[in-house]
Amino acid sequence: MANDSSPSNGNSAADNTLQAICYSRGSLRLLDQRKLPLESVYLDIKDSADGWFAIKEMVVRGAPAIAISAALSLAVEVFNLQAFKGPPDEAVSFLDSKLDYLVSSRPTAVNLSDAATKLKEVIGSVAKTASEARIIFERYIEAAEIMLKEDFASNKAIGSHGASFIKLHMKSSGKISMLTHCNTGSLATAGYGTALGVIRALHFQGSLERAYCTETRPFNQGSRLTAYELVHDNIPATLIADSAAAALMNSGKVDAVVVGADRVAANGDTANKIGTYSLALCAKHHDIPFYVAAPLTSVDLSLPSGREIIIEERSAKELLNTRGGLGEQVAASGISVWNPAFDVTPADLISGIVTEEGVITKNGSDTFDIKAFVDKATSR
Ligand code: MRU
């Protein structure tokens, strides 16, 4: 896996400083987010094994970016496959097994397994008529490429729906100050972002007073990545320690909280970066609206509640050492560590779920009916 400080793959964006995924057919480069904001280095991803490593080691992270990078790493692999001599059904099992392998990289974000399921459906339906393996590989590549485009479009829609809804439901008419957690921006997606997309939209509409972002220990996605994006876009912003959130809310400086999601269960319980649940409890106590912003690919209707969501536990080094485990030791030797990467916020602490199809709000019985919303949105 080679590294190179500037992507030269002809992607149109004049300024791709915040571009986590640089893709053109046959070539995938991922911005090494472990090194941001001090260094901007792209890693060349040659195949699904490189893709798996980049996801596991958080070179790329954020639920949508994980799914898209996985799909494209296999697209690059099959595009550069010299000569695949096997019949179409062997091409199908080749792709299916690689997708299963990629899904094993990180368990909590549903977008990855959702993408694998959808790609398998495409492969399966093409295989019914395909006379050669090459045809299946080409259709796979096209389907993976569509995911990149669709994610960017859905983030723009999330930003716009979220900004209008929050402005409509604000107690005060003035500019709005938002608090967010982790990184849910361009770096966590195909571009623009989900929760950070809502903050971007408020800013570009001239309705944002200030964005507050938490440090997001132990991997510091807030202080390293979200602060990097906010400064890059000249959005008025302030970084706080995770433990300062309650005091900030108590100071009256926060009008609303918006966070991302890794998996939203059918009842609205939401898994997101560790610390989200604490923020939701604080927001409830201070009567501050708490929004989740996520594409429908983050919804898992197969889970009735958040109890069934698998929570990834990551290396103790992330707490024992600085820089998310890559720096010098700071903690006392010999101490045991518990390092869950995510937690689950129960639906009763969530005011609304902002999606690309609009905002999911609670019905008369103060619960979310996400299945009804998804059925209506997908039947349009
Ligand atoms: O461990 P990470 O950095 O992948 O966690 C990311 C988050 O929790 C995000 O909030 C979530 O994936 C949504 S990203 C649009």
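1. E77 touches K46, D47, S48, F94 and K98, where residues up to four places away in sequence are not counted and contact means heavy atoms within 4.5 Å. The model is a predicted one, in which local features need pLDDT of at least 70 and side-chain atom pairs count only at pLDDT 80 or more, while totals for chains, interfaces and linings use all residues. Residues are numbered from 1 along each chain as its sequence is written, and side-chain values use heavy atoms, with hydrogens and water left out.

2. E77 is found in helix 2, helices (H or I, at least four residues) and strands (E, at least two) being DSSP runs numbered from the N terminus. With a relative accessible area of 13%, E77 is buried; the term buried stands for under 20% relative accessible area, exposed for over 50%, and partly exposed for what lies in between (1.4 Å probe, protein chains only). The side chains of E77 and K98 are joined by a polar contact of 3.1 Å, a polar contact being a pair of N or O atoms within 3.5 Å, of which, within protein, one must be able to donate a hydrogen and the other to accept it, and residues adjacent in sequence count only if both atoms are side-chain atoms.

3. The protein chain is divided into domain 1 (3–152) and domain 2 (159–378), with bounds that come from an automatic or database domain assignment. Taken over C-alpha atoms, the centres of domain 1 and domain 2 are separated by 26 Å, and 32 residues of domain 1 are in contact with 37 residues of domain 2.

4. Between domain 1 and domain 2 the count is one salt bridge, the term being used for a side-chain nitrogen of Lys or Arg within 4 Å of a carboxyl oxygen of Asp or Glu. Residue pairs in polar contact between domain 1 and domain 2 number 16 (both at pLDDT 80 or more). Helix 2 (63–79), helix 4 (110–127) and helix 5 (133–168) are the elements that give two or more residues to the side of domain 1 that touches domain 2, and the largest share of that side, five residues, comes from helix 4.

5. UniProt lists D262 for "active site" in an unreviewed entry; its positions are given in the numbering used here, feature names are shortened, and annotations may be inferred rather than shown by experiment. D262 lies in the loop between strand 8 (256–259) and strand 9 (263–265), and counts as buried at 7% relative accessibility.
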